[in-house]
Amino acid sequence: MANNQQSATGNRQRFFVDADISRAKTIDKAVYTSQEIFDEMKEKIFSCSWQFIGSDDLIKEKGSCYPFPLLENYLNEPLLLTKDETGKINCVSNVCTHRGNIVVYEPCQSANLRCKYHGRLFQLDGKFKSMPEFKEVKNFPTADDDLTQLPLFHWKKFLFTTLNQKFPAEEFLKDMIKRMEWLPLDEFIFRPDLSKDFIVNAHWALYCENYQEGFHIPFVHAGLNALIDYGDYETELFFPYSSLQIGISKTGEDCFDLPASSPDHGKKVAAYYFWVFPNLMFNFYPWGLSVNVVQPIAVDKTKVSFLTYAWKEEKRNAGAGSDLDKVELEDEEIVQHVQKGIRSGFYHHGRYSVTREKGTHLFHRLLAEFLNA
Ligand code: FES
Ligand SMILES: [Fe+2]
């Protein structure tokens with residue numbers, strides 16, 4: 001179990017990471033090893049944060065239905081995306097309000113939703129419509145018989161939802177949205193053939209905190225280091241729930257052609273690496289976007305889905321956004337070693353580089369804040 005520590009204000013807190021990075025110690029290592037904390041994170045971190053669903057290409061036509069489990073190996077919440085007759089996209093619970101059957105098993109086209117167990121019928125927005133053999137039932141139907149509607153946030157063609165809305169989606173996403181406003185995201189096409197999953201034998205938080213510092217690039221990613229200028233590798237923090245790192249090209253080739261409306265106009269940007277609390281990464285390259293969804297499986301096992309959205313296909317084999325598999329395998333290898341090392345009785349806490357580990361420090365601060373809540 002985590003050690004209680006004294007915060008600057010004198011309150012006893014279960015987890016504590018000093019706001020002053022120059023004084024701070026890294027978060028309690030129990031975060032990466034305890035089954036109890038792993039389970040607790042479902043409620044305290046994942047249910048109340050915004051999760052990436054995919055693009056609206058999943059439900060192109062009116063009447064399209066797309067069932068999916070939210071974080072399949074962890075929250076495993078059955079949800080359903082639909083596009084109703086008005087063209088509105090809905091995200092509803094995919095669990096029948098009668099006896100709990102899954103309503104839609106496979107992606108399909110349909111004017112309404114009929115449960116295959118006893119025939120309960122719903123509209124595409126989840127509203128109860130009818131039910132056989134229920135004439136005698138008193139006080140029926142009520143709002144409880146509708147499929148629960150979940151909040152849905154649209155960022156152009158990309159869709160996000162949350163199981164337990166505690167925060168507006170903008171608090172998590174607004175800085176990225178603003179920075180990339182100039183980008184015609186609607187031209188980005190999902191490419192399942194270029195997307196893949198990686199299984200990493202490490203805690204999800206180790207994978208995320210590794211992403212949030214470029215400090216390791218010269219040591220772990222020699223190939224990438226040859227392409228981007230480490231000295232110019234900037235970390236910009238966007239409080240409260242996201243961060244951005246910008247990779248500047250060494251050669252000036254394979255960069256974004258940034259319009260005057262971009263705050264980075266004139267810079268040789270090879271990649272934008274956005275992280276959104278707790279588990280989302282949006283990597284923009286001149287060829288398009290690679291979204292990484294980090295999905296916990298077990299304390300020491302994580303699935304990372306790399307979802308590819310191509311824009312300028314011809315640029316895919318050059319620059320910082322090429323050879324992503326190689327970079328991924330290098331990251332996997334290092335975090336798997338950390339997972340083994342962090343259990344040691346000789347390891348307790350680390351410290352942060354003030355210049356190079358601001359993102360990791362922010363991440364640890366947020367873990368502590370959410371777990372303490
Ligand atoms: S469980 Fe759906 S109609 Fe019975
Ligand atoms: Fe890395």
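Which elements each supply at least two residues of the lining of the largest pocket? They are β3 (51-55), β4 (64-70), β14 (196-200), β19 and β20 (301-310). This is a predicted model, in which local features need pLDDT of at least 70, side-chain atom pairs count only at pLDDT 80 or more, and totals for chains, interfaces and linings use all residues. Residues are numbered from 1 along each chain as its sequence is written, chains are lettered from A and ligands numbered from 1 in the order in which they are written, and side-chain values use heavy atoms, with hydrogens and water left out. Helices (H or I, at least four residues) and strands (E, at least two) are DSSP runs, numbered from the N terminus.

**Iron site**

- The iron ion (ligand 2) is coordinated by H216 (NE2), H221 (NE2), D331 (OD) and D331 (OD), at 2.0 to 2.6 Å.
- Donors here are N, O and S atoms within 2.8 Å of the metal (3.2 Å for Na, K and Ca); water is not among the atoms, so sites may look incomplete.
- The arrangement is irregular because the four donor atoms around the iron ion (ligand 2) subtend angles of 55 to 151 degrees.
- Four donors count as tetrahedral if all angles lie between 85 and 135 degrees; four count as square planar and six as octahedral if opposite donors are over 155 degrees apart and all others between 65 and 115; anything else is irregular.
- Along the chain, the donors of the iron ion (ligand 2) follow the spacing H-x4-H-x109-D.
- H221 lies in the loop between α5 (217-220) and α6 (222-225), and D331 in helix α7 (residues 324-341), so the pair ties together parts that are 110 residues apart in sequence.
- Both H221 and D331 are buried (under 20% relative accessible area; exposed is over 50%, partly exposed in between, with a 1.4 Å probe and protein chains only).

**Pocket and cavity**

- Rolling a probe the size of a water molecule over the atoms shows where empty space is left.
- On a 1 Å grid over the protein atoms alone, a cavity is a set of points where a 1.4 Å probe fits but cannot get out, and a pocket is an open set with protein on both sides within 12 Å along at least five of seven lines; lining residues have an atom within 4 Å of a point.
- Grid points are joined across faces, edges and corners, and a volume is the space filled by probe spheres set on the points.
- The largest pocket holds about 670 Å³ of space.
- Its lining has 30 residues, of which I53, Y66, F68, P69 and Q295 lie nearest the centre of the largest pocket.
- One cavity of 30 Å³ or more is counted.
- The largest cavity has about 290 Å³ of space.
- It is lined by 23 residues, and the closest to its centre are Y211, Y273, N283, V327 and D331.
- Two or more lining residues of the largest cavity come from each of α4 (204-211), β18 (280-285), β19 and α7.
- Helix α7 gives the most to this lining, with four residues.

**Around β19**

- S290 sits in strand β19 (residues 288-298) and is buried, at 1% relative accessible area.
- A polar contact of 3.4 Å links the side chains of S290 and N292; such a contact is a pair of N or O atoms within 3.5 Å, and within protein one must be able to donate a hydrogen and the other to accept it, while residues adjacent in sequence count only if both atoms are side-chain atoms.
- Beyond neighbours within four places in sequence, S290 is in contact (heavy atoms within 4.5 Å) with M281, F282, N283, Y285, F306, L307 and L324.
- P286 lies in the loop between β18 and β19 and is buried, at 8% relative accessible area.

**Other residues**

- R179 lies in helix α3 (residues 169-179) and counts as buried at 11% relative accessibility.
- The side chains of R179 and D264 are joined by a polar contact of 2.7 Å, and these residues are 85 apart along the chain.
- D145 is in the loop between β10 (128-130) and β11 (152-155) and counts as buried at 10% relative accessibility.
- The D145 side chain reaches the backbone nitrogen of T142 at 2.8 Å.
- V338 is in helix α7 and is partly exposed, with a relative accessible area of 35%.
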